[in-house]
Amino acid sequence: MKKFAFVSEAAEREYRDLPATLQDEFGRDLRLIQFDCAPQSVIKHLSETVGSGVIELVINGRQAFRCVYVAKYADMVVVLHTFVKTTNGVDRKAMSVAKNRLAQLQLQLRKLGIHC
């Protein structure tokens, strides 16, 4: 089983600010990923826009929600960003946040001597 973490307090706060039903839905998928199983939600690979190995869990509806995570480092599932999707296209602000947090994670791992 992979460990689970948020990249920062801000990332955890974003997740905790979601309605409980969405936390449950994303949480179910993140738990499946911890056990190397496929999530039930639709996923989108963000290697081109955010970085290698970054994946977005997609919940669409009257409001759309996203949970961006990476599971390729240090046998961990790390949530980078959770947000309400407000555009029909790529949410550049959200992708920028996720990209910056991925860089933050990679720096933290390198300091620990973990290759990324």
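This is a predicted model: local features need pLDDT of at least 70, side-chain atom pairs count only at pLDDT 80 or more; totals for chains, interfaces and linings use all residues.

Reply: The residues of H3 that are buried are Ala-94, Met-95, Ala-98, Arg-101, Leu-102, Leu-105, Gln-106 and Leu-109. Viewed down the axis of H3, these buried residues fall within an arc of 145 degrees, so they line one face of the helix. The face turned away from that buried side carries exposed residues, namely Arg-92, Lys-93, Asn-100 and Lys-111.

H3 itself covers residues 92–111, which makes 20 residues. From its first C-alpha to its last it reaches 29 Å, close to the 28 Å expected at 1.5 Å a residue. Just after H3, Gly-113 has a positive phi of about 80 degrees.

The strands under discussion belong to an open sheet of five, ordered S1-S5-S4-S3-S2, with mixed pairing. Its edge strands are S1 (3–6) and S2 (42–45), each of which pairs on one side only. On average, and with direction ignored, neighbouring strands of this sheet are turned by 30 degrees against each other.

H1 touches S1 and S5, and its direction makes about 55 degrees with that of S5. Helix H2 (residues 20–34) touches S1, S3, S4 and S5, and its direction makes about 20 degrees with that of S4.

The packing can also be followed through the nonpolar core. The largest such core has 33 residues, and those with the most contacts inside it are Phe-26, Leu-30, Val-54, Tyr-69, Val-70, Leu-80 and Leu-105. Of these, Leu-105 is also among the buried residues of H3. H1, H2, S3, S4, S5 and H3 are the elements that give two or more residues to this core. S4 gives the most, with seven residues.

Leaving out residues up to four places away in sequence, Val-54 touches Lys-44, His-45, Leu-46, Ser-47, Val-68, Tyr-69, Val-70, Leu-80 and Leu-102. One of these, Leu-102, is a buried residue of H3.

The loop between S4 and S5 contains Ala-74 and Asp-75. Phi of Ala-74 is near 50 degrees and phi of Asp-75 is near 55 degrees; each is a positive value in a residue other than glycine. Ala-74 is partly exposed, with a relative accessible area of 36%. Asp-75 is partly exposed as well, at 49%.

With residues up to four places away in sequence not counted, Met-76 touches Lys-2, Lys-3, Ala-5, Val-70 and Ala-71. The C-alpha atoms of Met-76 and Ala-5 are separated by 7.2 Å, although the two residues are 71 residues apart along the chain.

Technical notes:
Residues are numbered from 1 along each chain as its sequence is written. Side-chain values use heavy atoms; hydrogens and water are left out. Helices (H or I, at least four residues) and strands (E, at least two) are DSSP runs, numbered from the N terminus. The expected span of a helix is 1.5 Å times one less than its number of residues. Buried means under 20% relative accessible area, exposed over 50%, partly exposed in between (1.4 Å probe, protein chains only). The arc is that of the directions from the helix axis to the C-beta atoms. Two strands pair if DSSP finds at least two bridges between them. Axes are lines fitted to C-alpha atoms, for helices over the stretch in contact, and angles run from 0 to 180 degrees between N-to-C directions. Contact means heavy atoms within 4.5 Å. A nonpolar core is a set of buried Ala, Val, Leu, Ile, Met, Phe, Trp, Tyr and Cys residues joined through side-chain atoms within 4.5 Å.
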